[in-house]
Amino acid sequence: MMEQQAYSEPAFRDLQSTFAGELIDRTDDQYAESCALWNGMIKRSPALIARCSSTEDVAKAVRFAREQNLSVSVRGGGHSAAGKALVDDGIVIDLTRMRNVQVDPENRVARAQGGATWADFDASTHQHGLAVTGGLISSTGIGGLTLGGGFGWLMRSYGMSCDNLIGAEVVTASDDIIEVSEVERPELLWGLRGGGGNFGVVTRLDFRLHPVSTVLGGMIVHPIERAGEALRFYRQFNEDAPRALTVYAAMMTDPDGNRVLAFICCYNGDPDEGQKILAPLIEWGPPLAVDLNPVPYPALQSMLDEGFPPGLPVYWRGDFIDTLTDGVIDTLVEKFGEVTSPLSALVVEQFGGACQDFSPDHSAFGHRHADYNIAIISRWDYDSDPDSHVSWARGVHDAIRPHASGVYVNYVGVGESEDRIREAYGPETYDRLARLKSQYDPENVFQSNQNIKPAN
Ligand SMILES: Cc1cc2nc3c(=O)[nH]c(=O)nc-3n(C[C@H](O)[C@H](O)[C@H](O)COP(=O)(O)OP(=O)(O)OC[C@H]3O[C@@H](n4cnc5c(N)ncnc54)[C@H](O)[C@@H]3O)c2cc1C
C-alpha cells in the first residue's frame, strides 16, 4: 500500500521553489544518514527534513509546518540523549548547515548560527584568545546545550553557557524573525537562558566572551578499589578550590578494561599556579597515573571526544545533589560495582562557583544551589541486549533519587515524565516560562523538546 503523504504536493513544490537549503524526504539517499542521532537507541522517521541554509529558510519551514499541520522538531548538534531532535511523521528543522561563528574581539562578543557545534565555536573564539563555557564533547550543539543551561569547564569561572547568552535571533511559531537582547524582549532572553527550545528556532546566539587561551587540563587516575576514599578526599579538597578550577570525578572503565576512578581537571589560569593548587589531589593515593598538561583550551574541549563516539545506544539519567554526602558516595561506589557495560560511567560533575552568582531573574535555569550534579551514563554495543543496561541505569537513579535536589533539564532522558520538567525549574519558574510560552507559541508548535505547556 502506498504510504499517505504527510503534506500536500503543491505546497511542497511551492516551498521547494524558494528554499535555498535541502529538502530531504524518505525517498532521498541522504535520508538515513540525516536521521542518525548521537544516541543510537533512538530511531524516528520524519516525513521531511528541511536542512536550512539561512534564517529565511527556517521561517519558510516553520510556515510550511504550520500550514500543513505537521509536527515540528529542531535539530542542532543532535546530541539530545532523549532524541528530541527528530519527530515521527513531522518536519525536522535541521540547522546542521548553519554553523557560522563571528567574533568581535574588541567587544568580546561572538555571534553564532544556531547549528554550530562547540568545535566550530571554540575554534573561532580561540583565534582571539577568547572563550565561553561550552560542552565537554566538541560535537555537541551550542543551541540545545545553551538553551537548556550549559555545563562546562569554565562554568565555575564565568557561569554556564546560558548565563553568557546576551542576545539571539529567533524564528517564532508565527514565522516572524525577531531580535532578542537585554533591552529588546528581555523576558524572552530570560526564557532562552535555560528554558530550552520552547520559544522558537534560535537561528543566532550571541555570547559574552572571556579571555581564555591555555588551560591546565587532564586526568588523575585511581584504582576503583579506592574510589570511596578518593571521593571523600575530593569532597574535602573542593571545599577550598578556587573558581578557576573544575574537577569532575568519573567511575569508568579505561581502554585496557580496568575499572578506575578518574579526576578530570581543568584549571583556567596560569598552569604553574594550577599545578600548585592541584598538588594535594595529584599527591593523594598515590594515583595510578597523572596526565595533566598545559593545553590550548580547544584541545581540552575535544579531549573526551574519542570516548563518546556517535551512534551507540545510550540511556542517560541525572540529578543534582546539594552536597556529596557519604551516603551518595557509598551508593555510587556500590552501584558502579554492578555496572553492566565497559562503556558506561557514573560522573560527579562539580558545579557551584560563578554558577551560583546569577539570580532567578537573570535566567530561567532552575537549580543553582547544588554543589554537584550526577550523570548516569549507560552505553552498550549494538549487539548487546539493552534491558540489563537500561535497568542498571534505572537502579542507580532510584538509589540516588532520595539524595537529589533537582534535575538539569538537558539530562532529562528517554521516557521520563512531565513532572521531571517541572522539577527542573521549580513551580514559580515553570509558571513564568508557561506564560512566556503562551505569548510566543500558544499552539505549542515547538513541543519536541523538554516541553513547557503554554499557560491558559
Ligand atoms: C555526549 C554528550 C555530552 C554532553 N555533554 C554536556 C556537557 O558537557 N554540558 C552540558 O551542559 N550538557 C551536555 N550534554 C547534554 C546536552 O546539553 C544536550 O543533550 C543538548 O540538548 C544537546 O544539544 P544539541 O543541539 O546537540 O542537541 P539536539 O539533539 O540537536 O537538540 C536538542 C533539543 O534542543 C533544542 N534545540 C537545539 N538547537 C536549537 C536551536 N538552535 N533553536 C531552538 N531549539 C534548539 C531542540 O528542542 C532540540 O530538540 C551532553 C550530551 C551528550 C549526548
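R379 lies over the face of F308, 4.6 Å from the ring centre; a charge counts as over a ring if NZ of Lys or CZ of Arg is within 6 Å of the ring centre and within 35 degrees of the ring normal. The model is predicted, so local features need pLDDT of at least 70 and side-chain atom pairs count only at pLDDT 80 or more, while totals for chains, interfaces and linings use all residues. Residues are numbered from 1 along each chain as its sequence is written, and side-chain values use heavy atoms, leaving out hydrogens and water.

**Charge over a ring**
- R259 is placed over the face of F336, at 5.8 Å from the ring centre.

**Aromatic pairs**
- The structure holds 20 aromatic pairs, meaning rings of Phe, Tyr and Trp (its six-membered ring) with centres within 6.5 Å; planes under 30 degrees apart are stacked, over 60 edge-to-face and the rest tilted.
- W38 and W316 pair edge-to-face, with 6.4 Å between centres and 70° between the planes.
- W38 lies in the loop between α2 (31–34) and β2, and W316 in strand β16 (residues 314–321), so this pair ties together parts 278 residues apart in sequence; helices (H or I, at least four residues) and strands (E, at least two) are DSSP runs, numbered from the N terminus.
- W38 is buried at 5% relative accessible area, and W316 is buried at 16%; buried means under 20%, exposed over 50%, and partly exposed in between (1.4 Å probe, protein chains only).
- Ring pairs also link W38 and W316 into a cluster with F151, F320, F351, F365, Y408 and Y411.
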